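Please look through the structure below alongside these notes, which take up a few of its features point by point.

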Amino acid sequence: MSEHVLLRYRDVSTDLRLIDNYIADGGYKTARRVIAEMAPDDVITTVKDANLRGRGGAGFPTGLKWSFLAKGTGKPVYLLCNADESEPGTFKDRDIMDHDPHQLLEGMMISAWAIGCIDAYIYIRGEFAYGAEVLETAIAEARAKGFLGKNIFGTSREMNIHVHRGAGAYICGEETGLIESLEGKRAHPRIKPPFPAVFGVFGCPTIVNNVETLACVKHILERGAAWFKGIGPEAGPGPKLYCVSGHVKKPGTYELPMGTPLMDLIFDHCGGMLPGRKLKAVIPGGSSVPILRAEECDIAMDFDSVVKAGSMLGSAGIIVMDDSTDMVAALRRIAHFYHHESCGQCTPCREGTGWLEKLLIRFDEGKATVEDITTLDTVAKGMLGTTICVLSDAAAMPVRSFLQKFPEEFEAATRRETVAA
Amino acid sequence: MATVTINGKTVEVPDGTNLVLAAEMAGQEIPHYCYHPGLSVAGNCRMCLVDIKAMSAKQPNAMPKLQIGCNTIVQDGMVVESNNPRVQEARQGVLEFLLINHPIDCPICDQAGECKLQEYYMDYGRYHSRFALEEKVDKGKVIPVGPDIMLDQERCILCTRCVRFLEEYTGTCELGLTERGDHAELTLATGKQVDNPYSTNIVDICPVGALTSREFRFRARVWYLDSTPSICAGCASGCNIDVDSREDRIFRLKPRANAAVNGYWMCDEGRRTWHRNQGEHRLTASYLRSADEFVETDAADVMARAAASLRSRSRTAVLASAATSLEEGYLARCIAQRLGAGPCLIVSPSTSSIPDDDKLISTDRYPNRAGLLALGYEEQLSPPSGVDSAIALRADIVADDETAWGSFLESMTETLVLADAVGKTMAYADHLLAIGSHFEAAGSFVNRDDRIQVFVPSVAAPGHALAGWQTLADLLAVLGGPRYASTDEVFAALCLAIGLGAGRTHSSVTSEGTPLASWKSGSGVKVAGNSPRIGTGSPASL
């Protein structure tokens, strides 16, 4: 894609963080038009027609999610923007917030209009101090222009956007964990049902959407559903931000059409592997999804194609590993993350994440036995699908896939010489 | 109503029932830790995972993932398997997870014998440990979190039953979770102690040995204890309890579920009422006054002499404590009628320094005021006039007001005292009969909501003391009245006498207690359901 949509800041010479520059570039035109002229249901229909799927990880159809909102409850409806971006290997949402915050605000205004929300929140992870500051400034600017607050764009409509900073927990990115945290509680994900669309934040109907998803809404309403659907596979189209990290020459965030071939991403856009190295494996969607061996990487990067290949697009956090990578050590590091981040609520996750890491430390330090391979696999298996949220699955999936894809390395590790701890 | 099939057994259950309770109604067990019928659903232990084969008659599709029974509400036509290989594997996995960081210190744990970890391990676990002992997470042990509660963080399975109880029932929020993952631990809120009036309930609902009673710990192995259903006599609420005893000594009281009276709970004050039942202060023998001395004498002899003395007086008052059972109260009233139709008085104050709360605590510290009032007793805290003799029944009136009652009793030509403990009133007795406490006899109370509840003896009366009703029945017979051979006979007679119908026995009283109004002949009185103080509970597994 020669032209950037979501990362437009890369194509213009002006600083889009400043509202006047953003307006001069055509900004807020769409929100003004939609709120003045379009019925909320027509906005939802447009988003549905565009086949927009959530960019946070699960790929759930956004329009469908909106249509689940409980109606006629007499309670306020809330829109929460999930800016907790904490899946290892993912750094796309911050690019939007840091450089083009008004794009997100405009997307949120249109979405809030569609679902009948007056007060919307951006839940941003604590580490994104800069992004939070940029957003606060942008909101103040938009308020000064009359785009937020009472009588927005000269209508009788009121709309507010609030920034809420988290304190740095992965679990706050799970939508009901986020809701609990926003309410000032420990981020223990909620049991479902009820779903947030019925009983969300403060007990009110709530929609939680990812930053990139909400930014897409702006462009869909600006350029039309047909334009959006024309980019990549029709069942899950649109411009897509890919976060590439690891052993490539040019890691970074890339905006490309949904369905861009993985090999093109690595060898064309990212300049290929580091000198003298060979591709060994790729985690295509953030550290929680199953790993692919090099020979499995000839795939298109869209929701359905990656699933067909046995993994998931997830948050499109693409972690590229070359032949110097010790898979046991890599998995140990991943397991450490999920052990550290498990909220501790459900038994299998609370106890299993710790057990996985302890087992992997044994492998890494040469203390593991052949039986430990089976233990590792069965512990992970017991964590799949048995908990309130999917953090448990996120911790278990990489373990099972590493074992399945690189069994020889784990077997070899049982023969390693013991390393002093 | 919804028809649901669990493990091939079909049962009809009320709408809104969850699968754990529905299974119970179908005679099936779905094991669980965090779920408690008296608390909100947390869904965190994952022990109650079940396989839903059909969601409902309308949507006969199976659920792809196992679902937790506690948060699944039955739908008509639902088909569930709670014991197939898939469920068993998941459950065994959960048990293994629960135990990897558990200290497994059962030999020194007070919960042993009534521990859900032990029980479910024996039922569903039984695997060899795959976890290295040295890799267990260390947490705090022997942490006093309140005057009666000790916390062991390593034994805790983080089910949050206690946290929810303290949030939802008492609203005091003394306990919470801190840290994350396998380092998560149950922690006392800064600057707080679990010292609310209902605190010890969290020991009962703790499914493991994390919260133990500082009073009970290391006192007895639970498998040596006999448990007897009873009623708390600590106040007018009439909470249902289990009395745990061994060799006629009581070790603890625990609440017994009754949705209509106390839900699943009882107060700490009530829990301590057994203390009065044991010790040097108990009266263990009967006495005669001879000159200025009490002479220990056989009860039958004391009674014969007391009867002879009373018969020669013109009018005898009955001065009863509101802790007197219905049976005792009725027999005493029969005796008074034969002795000049003397007044029958409730001499216990109806209020105390402890205020009513909106839960289970009544300011009336006596269990049967309503019952005695139904029997025709009158409340009077001052001495009656126009009598020459008195029977003090369980009432230490002199301790309440020495001046008034002391001079009154001095003016009596005969004072018979029936007491279960040493008291000031004894000093004024001509005849003194030792009787058992309500833990030591059968009987019935009527609580503040006019609900009749029955109890049976949990332990034997100490020494030569006899059951109160037995003593009074003997006295009535000696005075020429009818001879009652059992509490059921007395109960039938008293029910008939006060218009509660014929042929009533203790077994006619329902397990939730029977509202007096529902027995009033042809009253057509609409009987209220549950106590307004506890809302609706369900008599389900705890």
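**Notes on the predicted model**

1. Strand β11 of chain A, residues 317-322, is mostly covered, since five of its six residues are buried. Here a residue is called buried if 20 or more other C-beta atoms lie within 10 Å of its own, exposed if 12 or fewer do, and partly exposed in between, with the C-beta atoms placed from the backbone. Strands (E, at least two residues) and helices (H or I, at least four residues) are DSSP runs, numbered from the N terminus.

2. Before going further, please keep in mind that this is a predicted model, in which local features need pLDDT of at least 70 and side-chain atom pairs count only at pLDDT 80 or more, while totals for chains, interfaces and linings use all residues. Residues are numbered from 1 along each chain as its sequence is written, and chains are lettered from A and ligands numbered from 1 in the order in which they are written.

3. Which strands pair with β11(A)? Strand β5 of chain A (residues 239-246) pairs with β11(A) in the parallel sense over four bridges, and in this pairing A:Gly246 stands opposite A:Val320. Strand β8 of chain A (residues 279-283) is also joined to β11(A) by four bridges, but runs antiparallel to β11(A), and there A:Val282 stands opposite A:Val320. Two strands are said to pair if DSSP finds at least two bridges between them.

4. Still in chain A, the axes of helix α3 (residues 40-49) and helix α6 (residues 101-115) come within 7 Å and cross at roughly 120°. The axes are lines fitted to C-alpha atoms, for helices over the stretch in contact, and angles run from 0 to 180 degrees between N-to-C directions. The contact is made by A:Pro40, A:Val43 and A:Ile44 on the side of α3(A), and by A:Ile110, A:Trp113 and A:Ala114 on the side of α6(A), where contact means that the C-beta atoms of two residues, placed from the backbone, lie within 7 Å. By class, these residues are six nonpolar, no polar and no charged; Ala, Val, Leu, Ile, Met, Phe, Trp, Tyr, Cys and Pro count as nonpolar, Asp, Glu, Lys and Arg as charged, and the others, Gly among them, as polar.

5. The contact between the chains takes 24 residues from chain A and 26 residues from chain B. On the side of chain A that touches chain B, the elements giving two or more residues are α13 (327-341), α14 (347-364) and α15 (370-382), and the largest share, nine residues, comes from α14(A). This side of chain A has six nonpolar, 14 polar and four charged residues.

6. Chain B is divided into domain 1 (2-93), domain 2 (104-277) and domain 3 (286-443 + 455-483), with bounds that come from an automatic or database domain assignment. The centres of domain 1 and domain 3 of chain B, taken over C-alpha atoms, are separated by 54 Å.

7. In chain B, strand β1 (residues 2-6) runs antiparallel to strand β2 (residues 9-13), and five bridges join them, with B:Ala2 standing opposite B:Val13 in β2(B). These two strands form a hairpin with two residues between them, and B:Asn7 in the turn has a positive phi of about 50°. β1(B) also pairs with strand β5 of chain B (residues 78-81), in the parallel sense over three bridges, and here B:Thr5 stands opposite B:Val79.
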